[in-house]
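Student: I would like to go through this model and ask what stands behind each label. Please set the values against the cut-offs.

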Amino acid sequence: MLIAPSILAADFSKLGNEIRDITEAGADWIHLDVMDGAFVPNLTFGAPVVQAVRGYTDLPFDVHLMIHQPHRYISDFCKAGADIISFHVEAEDNVAGTLDAIAAGGAKPALAVKPGTPVETVFPYLDKLYMVLVMTVEPGFGGQSYMGDMMSKVVALKEKAPKLLVQIDGGVNLETIVPSAKAGVDICVAGTSVFRAPSPKQMIQDLKKAASR
Ligand code: DX5
Ligand code: ZN
């Protein structure tokens, strides 16, 4: 199981140092949540911030776009140093073209689905996808409760495309990572549980241990 700490739960006043510290604590990827205040009812940051913190780690930057019509910004995020870019299938009119633009920009393409969106909506694009992100909370905010019934989507994806990476995002902690791992999740995003732990390093180790039970 890979752990991708979400910097949404980090201290934004020292974001670079937070990313450096979480790298030293054993993170596998850095998850960066981009919100536009329209697709989701919250605003975070854009490509300039991603670029500003890129130099603080060598870990892959996993950029999760929660914005309308993300094709408008793909080139900006690629240039800012994104390694994996996921966008919401619900938010884009030209899904195939946007996936192609991510690959052309040198990043790995991924699609995300909100809890209410059937996972079958990503099936037409499987041959273009590096990963699917199954949301286990409504996108927009950290600190919400994990929706265990989303694991049926993970199982369906693994049946349909066994080699595809599956990521979940929202409410991952020492308890919820256990059924997630059993369902076949490859990468867990974890915001609150990692950044608010007394020792993020210990928490990352414990999450991996719980996932391998
Ligand atoms: C929610 C974001 C998540 C969020 C997860 O819209 O996509 O990445 O930071 O936070 P926790 O782990 O606190 O649920
Ligand atoms: Zn996210």
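Student: Why is S86 called buried?

Tutor: The relative accessibility of S86 is 0%. Buried means under 20% relative accessible area, exposed means over 50%, and partly exposed is in between, with a 1.4 Å probe and protein chains only. S86 is therefore buried. The residue is found in strand β4. This is a predicted model, in which local features need pLDDT of at least 70 and side-chain atom pairs count only at pLDDT 80 or more, while totals for chains, interfaces and linings use all residues. Residues are numbered from 1 along each chain as its sequence is written, chains are lettered from A and ligands numbered from 1 in the order in which they are written, and side-chain values use heavy atoms, without hydrogens and water.

Student: Which residues does S86 touch, not counting those up to four places away in sequence?

Tutor: V63, H64, L65, A110 and L133. Contact means heavy atoms within 4.5 Å.

Student: What makes E90 partly exposed?

Tutor: E90 has 30% relative accessibility, so it counts as partly exposed. This residue is found in the loop between β4 and α4. With neighbours within four places in sequence left aside, E90 is in contact with F39, A112, V113, K114 and T117.

Student: Why is D58 called exposed?

Tutor: Its relative accessibility is 81%, so D58 counts as exposed. D58 is found in the loop between α2 (47-53) and β3 (61-66). W29 is 29 residues from D58 along the chain, and their C-alpha atoms are separated by 9.3 Å.

Student: How do you know that the buried residues of α4 line one face of the helix?

Tutor: In α4 (residues 95-104), the buried residues are V95, T98, L99 and I102. Seen down the axis of α4, they fall within an arc of 100°, so they line one face. The arc is that of the directions from the helix axis to the C-beta atoms. The cover over these residues includes α3 (74-80), β4 (84-88) and β5 (108-113).

Student: Which residues of helix α1 are buried, and why are they said to line one face?

Tutor: In α1 (residues 15-24), L15, G16, E18, I19 and I22 are buried. Their arc, seen down the axis of α1, is 165°, so they line one face of the helix. They pack against β1 (2-5), β2 (30-35), α2, β3, α7 (192-195) and α8 (200-211). Just after α1, G26 takes a positive phi of about 105°.

Student: How many helices and strands are there in the protein chain, and why is the chain called as compact as a globular protein of its length?

Tutor: The protein chain has 8 helices and 8 strands. Its radius of gyration is 16 Å, close to the 17 Å that the globule rule gives for 213 residues, so it is as compact as a globular protein of that length. Helices (H or I, at least four residues) and strands (E, at least two) are DSSP runs, numbered from the N terminus. The radius is taken over C-alpha atoms, and the rule is 2.2 Å times the number of residues to the power 0.38.

Student: What share of the residues is buried?

Tutor: Buried residues make up 53% of the 213 residues in the protein chain.
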